[in-house]
Amino acid sequence: MNEVEETLREIRERVRAEASALARAPQSSANGGDGAQIVARDEAADAFARMEANLATAERAGPRLPPVMSNRAGLVARVELWVKRKIKRALRWITWEQVNFNAAATHALADTLAALRAHERRLAEMQAELQRLGQIQQRLEELARAQGGLEARLGRVGDEGRERVERLLEEQRVCYRQLSLEASESAVLFDRARRDMESRLARIEKTVTGDG
Amino acid sequence: MKEDLYARAGIGDVAEFYRTKFVSDEVLDARYFRALDRFDMHMARTMWVYDNVRAGSAVLDVGCGAGLLAPLKRKGVTLAGVDLSAECALAARRNGYDTTARAELTRLPFDDASFDYVVSLDVLGHIDFAEKDQVLSEIRRVLRPGGVTMHGIECIDRRAQKGYDEMTAEELARFVRVDGHVGLEEEEEHAARFRRFFAHVEWRPRYALCLSSEEFVKQSDEYGLPFERDFVEYLRGLSRAERRAFDMAMGYVFNKISDLDLRLPKSGLYVLLKASDAPLGPFYNEHRDRRALLAADPSLSAALSEGGTFCLDRHALAEFDAGWHEPNDLPPVARWMSRRGRVRFDAPGLDALTLDLTTHLPGLAPARPLGLEMLLNGVTVARLSLFRYGWLTLRLDVPPQLAAASGGRFELEIRADRSWRPRPAGEGRDDRELSVAVCNVVAHARAALDGARG
């Protein structure tokens, strides 16, 4: 009776594992650019689930031999069971080796599963790290592009500045030239006024002297 | 009340308000004055003063702004100016005033009896009623015995316009913000006020007939004067050259009214007023002598050109034709040219001409340069393509055969293959046709060059 219950539990776990794998499949395909990675991760998860179910079966069956049983009835059944018990006892030396091997193989597979799970987690972490690095790289590329634009703009501003300074210098040169011309004119006019004044004074002096 | 009215109009800094209203890059310097401008309506008030001051006298311009009386320097007067705004005082100084100062008009910074004439144009309408008497008292103080004070005063006609007390707060603010008028009075009220300070007062309503095109539009738009709507719209649509022609015609009529001593009816806009303690002479043209305005003094020309090198920009030593616009302070002070401009001048023994030129033509590039051609007495002496902004100095050597055939009389012509209009429409419209700006046009005579080489 106990064995029947265990068999039914195995079947239930296997069905649940397959159902959960089926339920995850459409969700993964709806995730755009990262879909391929997610599908791969889900396939690994399904494989892990199936492996866990198989290991559960192997653990249950591994450490012992099946019970002696008969489908017959009456004397024939008793004879059959007696023969089987004798054979079981007679072959015990070899069947226990098989049982031990089964147990060792089950444990090894369980350890492998644990190692694979650890690798899977590590892989997921690395993938996340890679994704983060990708984002950083993308940001760096954007910054480099912006820096390039900024450098070009700075260059343009520098050129404009130089051009303005050149124009200002030209403007100053022309203004100085204008001032210089005006100063020359003023000097000429001043000299003319001075000479005029001197000649007037001379005339007055002459008049005064003549009167005297 | 003055502060109240300005404050109520939202004008916090009165000096700054006037600086922005009345200071521009316009060159009023007498050395750049064009004889033809004596007919320009904008110069009508200046010409009235010009024809009424004695040559060689001392003149004070009260509220001088940027220096509207600068042409008086052609008459050899000593010209002083005061203004509420330091920038205005500086601008007037740049325009040739002998001395300028920033000062309140109620406390003039001059000694008693310092001037033969004290003049103001468009000032008394900006002075609060409470201060007007103090200003007139100061004018009387600085005026020499027998001196004459002359004023162009904005007026109000209360039959047609609301007084300050009748305006709503909004109307008052709008009215004051237009020009800063906080002290407008009727023509007769101005005369009565002057009579309290001077024994002889005479006044004439002006601008009853003649206004500049700009003033017609402004009086209609800003002050609501009832000019014919279609006429104002017509004026609004005129180009700069057409407005200039209109203003010249108006100015010509204004001058003739003065010459004929015609008395116009009250305009309610503006009055010219003369006052003195001594009996007044003729209201118009008391000291009319425009010779210095019409042409350069021959002895001055001779003095400036005797060194062999002289600049044609100033002193009417050269005649710039209508292809040139009025000088602007870019800086330097330069004349903008339309597509073609001519300069006529006398320069015996001319060997070379030098000049500085620039352009602000939009879209100038090596692929699309501005083509220029220089002709001297009709002969092409240079062709060039201008493809960058900034100033360029040009030297034009005069071919000996051309100099020999000229008889000492030259005409420099500059032709440009393109032009542009700075602001062809909208507010602050400037639809002048411009190509290059030119200054420092210097004539170099052979003798001077030989002397310099020797």
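Biologist: Why does Thr78(B) count as partly exposed?
Modeller: A residue is buried if 20 or more other C-beta atoms, placed from the backbone, lie within 10 Å of its own, exposed if 12 or fewer, and partly exposed in between. Thr78(B) counts as partly exposed because its number of C-beta neighbours inside 10 Å is 17.

Biologist: Happy with that! Which pLDDT do local features need in this model?
Modeller: Residues are numbered from 1 along each chain as its sequence is written, while chains are lettered from A and ligands numbered from 1 in the order in which they are written. This is a predicted model in which totals for chains, interfaces and linings use all residues, side-chain atom pairs count only at pLDDT (the predictor's confidence in each residue, from 0 to 100) 80 or more, and local features need a pLDDT of at least 70.

Biologist: Back to Thr78(B): which residues is it in contact with, leaving aside neighbours within four places in sequence?
Modeller: Thr78(B) sits in strand β2 (residues 78–83) of chain B, where strands (E, at least two residues) and helices (H or I, at least four) are DSSP runs numbered from the N terminus. Two residues are in contact if their C-beta atoms, placed from the backbone, lie within 7 Å. Beyond four places in sequence, the contacts of Thr78(B) are Ala58(B) and Asp98(B).

Biologist: Which strand pairs with β13(B) over six bridges?
Modeller: Two strands pair if DSSP finds at least two bridges between them. Strand β13 (residues 350–358) of chain B pairs with β18(B) in the antiparallel sense over seven bridges, with Leu350(B) opposite Ala445(B). The antiparallel partner over six bridges is chain B's strand β16 (residues 392–397).

Biologist: And which are the edge strands of the open sheet of five strands?
Modeller: Its order is β9-β12-β17-β14-β15 (chain B), with antiparallel pairing. Strand β14 (residues 370–376) and β15(B) share seven bridges, and Met374(B) has Ala382(B) as its bridge partner. Each edge strand pairs on one side only, and the two are β9 (318–320) and β15 (379–386) of chain B.

Biologist: How many residues on the side of chain A that touches chain B are charged?
Modeller: In this complex, 14 residues of chain A are in contact with 14 residues of chain B. Ala, Val, Leu, Ile, Met, Phe, Trp, Tyr, Cys and Pro count as nonpolar, Asp, Glu, Lys and Arg as charged, and the others, Gly among them, as polar. On the chain A side, five are nonpolar, one is polar, and the number charged is eight.
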